[in-house]
Amino acid sequence: MKGPTPMMQQYLALKAEHPDKLVLYRMGDFYELFYDDAKKAAKLLDITLTQRGEAGGAPIPLAGVPFHSLDSYLAKLVRAGETVAIVEQVGIVGQTKGPVERKLARIVTPGTVTDANLVDARKETLLASIVIDSARAGVAMVNAAGGAVTLRDVQTSELAAYLLRKDPAEFVCSEGTQQALRELLSGSTNLQSFTLRARPEYEFTSVRATKELTQALGTATLAHLDLERVPLAFLASGAALAFTRLVNGGTRLPISTVNVERANESLELDNATLRNLEVTQTLSGAESPTLFSLLDRCETAAGSRLLRALLTEPPRDQAKAAARHDAVAALERNGVANTPLDYRTVQDHLRGLSDIERIATRIAIASVRPRELTGLRATLAALPALASSLRQSQNATLAAIGSALSIDSSWHDLLARAVADEPALNVRDGGVIANGYNADLDELRAIQTDSGAFLAKMEIAERERTGIPNLRVEYNKVHGFYIEITPSYLSQVPVEYKRRQTLKNAERFITPELKSFEDKALAANDRSLALEKRLFDELLQLLAPACDALRRAGAALAELDVLSNFAERAESLKLVRPNFTTLPCLELSSARHPVIESLVDQFIPNDLRVDSKRSCVVLTGPNMGGKSTYMRQAALAVIMAFAGGYVAANAAVIGPIDRVLTRIGASDDLASGRSTFMVEMTEAAAILQRATPNSLVIVDEIGRGTSTFDGLALATAIARRLIAKTKSLTLFATHYFELTELANEFSSCLNHHVSVVEHGDKVVFLHEVKAGPASRSYGIDVAKLAGLPAEVIRDARRELERLEKERTHEAPQADLFAAAPVTLDEALATSPLIDAIKAIDADDLSPREAHAKLTELIELARRT
């Protein structure tokens, strides 16, 4: 039985160093995968699985991808959560007796990828490093493509929600906490969508964190970062940066920004709220229609990324939002008269600009592509005019953006001199460095350029010398230079011609003179490519000092794009600027749900007002009446306002909201083994634990996942807690009409309903919200609209009538379920309160006794 060949021995040695990765092994014009890697890649990439040779008497599974198509296949693997080790040929074929030398070139992981062809341009790709210490946890979130690190310490109980909101593509944790992290996340999400890395404990130390951060930032100290607020996240940052350095082959990821997050900095939107409000994904997981898809008309990818961040984590600071509102107003076409730019002019400037923030990172780690540099050059050429106009603005935000866009023109001049107008896709192909940038390169290129003239001159001379009229002197990449002669003239071929190739209709020859020129030209080509590669690497080193300025300019362009986008959306969607107040309230005049409005011909707006004195609205009415839409549009108005945009209403006044909490819909979480009711109660518990008087709470149909009386009891208790103790700004939709009695118990509770018009045996939903409770549920009418058979509808009406009669007989109550109203005389005749009043002898009571009797009557009235 034969052992592995030398080439396979080389492969197996490299694979042993990276057993948990897919190894792409360069062999000529292909990257090959073997054994289990081949089987997995064949399924993921939909490529052919074949065999090559044998090992241990069994065929070796093999799959491969062309080297020139590597990026497209890598993108698929990264999206599938795979980590790939790319092995390149570094030796020269035939130079040694054994297999050509190969080495690991780079490692591509889902959370550290920076290549423009492998990342989503309009979404951040994040790596999360986590430290868990009992009740507290620290998270270091690395944005490798943007050169930024975010640090946040949270309660362990809030860790899963925070991670789900940030949506990292990859996790790093210590070997000792790997299992704890899996257990923590398993109850909230499907871990199969994440890549989890366990790293040695020594990488999670303050010594390692200090070393990694100072070197990544290029500073001698970290005193300016206020790291005392995030001690655990600080420890996690060392492991995160060490991991990025590992996958980049030892190259450190340059960091320009370290953001220390605080819990009170952003409007809290947990994962349930983002899902229920369909901020970035629909409930079915689609990308649209969502709030983000409706609002995103940004001209740049960086603008879209910032908009997504603002909608999922709006700053809580009203002053920041108001500053954005001021800038949006300045960009409106009917805005401030002396503003030099409106949003359309700005968008014209932004259209086609490159993502210079990410390009700066790729320059710093020497992974930038030549055509990205031409995009950077074009962007730098376009910035001065835009920056000049913005600096003239009287709006402070726009003027500051103009200053950030003012980049030293020498960087553009360097790129103009160094990079060709239309460079090749890759440096290895040549044609990247501009003519005139380097004299030695120009000379080597001249030798190749002169080849055409030399061949034409030689062809004429050889035709005259040999008398062969159709003799041709040509070149191709496979066989080099040659003289081609057809069979009819072979008798006239000179003796010094040496046959190089025989074709069906021609013979190809080489001469000493042509061979000498070939050696010179091909040597010049190899030397030219090598020199061009060196010059390109040197260019990146020259550009490195510009990276910080480029990142600042990139962030400024993203901010400008979002602001001009908000101005455009305000005009197109008829949005209005909101006003902020320090009092806890939410007042919306003629509010609309912007996403639904964009999908229907006519949308019915509604007013809403909740504040500290009227903090809870109990909303009743039929399904399809618009209750959920009414509540969702209120929450979306808050999110849009704090993100810095305008809102879908005629007027809006918003108080200091600290979080938006929702319990909407009903669905099983089968992956985690949680029933509909368990999901409901878990989300309700989270609301009761975190809600404050400044929170906007939306509860829709809670208690449906259990028996009627259990559900009613829980819904009532939850509502009472929100009204009496939490005192949040609450919208509480329900089909339990008993909850409308809360308005009699609490002065801060109001009843509203969605209106319906009955016409014969049909109902029309008006989608208008009015004061007072609903008259009835109309559930059977909705079922009829849904297409249930007429016989089922008739049977349901009979059953409903029977149930209402039974309930009326057993438990008469003066509410919506009563078969007939109770008269005042009947109520007085059976009232114990009236009997107690009749028994009082007012003339026989002292003042103290009268006061005590009055207290008794009040208590009796409350119990009656």
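Predicted model: local features only at pLDDT ≥ 70, side-chain atom pairs only at ≥ 80, totals over all residues.

Visitor: Let us begin with helix packing. At what angle do the axes of H14 and H15 cross?

Guide: The axes of helix H14 (residues 370-391) and helix H15 (residues 396-404) cross at roughly 150° and come within 7 Å. Angles over 145 degrees count as roughly antiparallel. H14 and H15 are therefore roughly antiparallel to each other. Their crossing is left-handed.

Visitor: Which residues make the contact between H14 and H15?

Guide: H14 contributes Ala-387, Leu-390 and Arg-391, while H15 contributes Leu-398, Ala-399, Ile-401, Gly-402 and Ser-403. Sorted by class, this contact has 5 nonpolar, 2 polar and 1 charged residues.

Visitor: How should I read the pair H12 and H19, and at what angle do they pack?

Guide: Helix H12 (residues 343-350) and helix H19 (residues 547-572) pack at about 135°, and their axes are 9 Å apart. The crossing of H12 past H19 is left-handed.

Visitor: What residues form the contact between H12 and H19?

Guide: On the H12 side they are Tyr-343, Arg-344, Val-346, Gln-347 and Leu-350. On the H19 side they are Leu-557, Leu-560, Asp-561, Ser-564, Asn-565, Ala-567, Glu-568 and Glu-571. The classes in this contact are 6 nonpolar, 3 polar and 4 charged residues.

Visitor: Turning to backbone geometry, is the peptide bond from Ser-288 to Pro-289 cis or trans?

Guide: For a peptide bond, the angle to read is omega. From Ser-288 to Pro-289 the bond is cis, with omega near 5°. Pro-289 belongs to the loop between helix H8 (271-276) and helix H9 (291-295).

Visitor: How does one find empty space in a model?

Guide: Rolling a probe the size of a water molecule over the atoms shows where empty space is left. In this model, the second largest pocket has a volume of about 2,000 Å³.

Visitor: How many residues line the second largest pocket, and which lie nearest its centre?

Guide: The lining has 49 residues, and those nearest the centre are Glu-88, Arg-106, Asn-426, Arg-428 and Lys-533. At least two lining residues come from each of helix H3 (70-79), strand E5 (84-89), strand E6 (102-108), H14 and helix H18 (512-543). H18 gives the most, with 6 residues. By class, the lining of this pocket has 23 nonpolar, 14 polar and 12 charged residues.

Visitor: How many cavities of 30 Å³ or more are there?

Guide: A cavity is a space where the probe fits but cannot get out, whereas a pocket is open. The count is 2 cavities of 30 Å³ or more. The second largest cavity holds about 30 Å³ of space.

Visitor: What lines the second largest cavity?

Guide: Its lining consists of Glu-212, Ala-216, Leu-241, Thr-244, Arg-252 and Leu-253. Helix H6 (206-217) and helix H7 (231-247) are the elements that give two or more residues to this lining. The lining of the second largest cavity has 3 nonpolar, 1 polar and 2 charged residues.

Methods:
Residues numbered from 1 in each chain as written. Heavy atoms only, no water. Axes fitted to C-alpha atoms, helices over the stretch in contact; angles between N-to-C directions. Helix = DSSP H or I, 4+ residues; strand = E, 2+ residues; numbered from the N terminus. Parallel < 35°, antiparallel > 145°, perpendicular 65-115°, else oblique. Left-handed = near helix turned anticlockwise from the far one by under 90°. Contact = heavy atoms within 4.5 Å. Nonpolar A, V, L, I, M, F, W, Y, C, P; charged D, E, K, R; others polar. 1 Å grid on protein atoms, 1.4 Å probe; cavity = no way out; pocket = protein on both sides within 12 Å on 5 of 7 lines; lining within 4 Å. Points joined across faces, edges and corners; volume = space filled by probe spheres on them.
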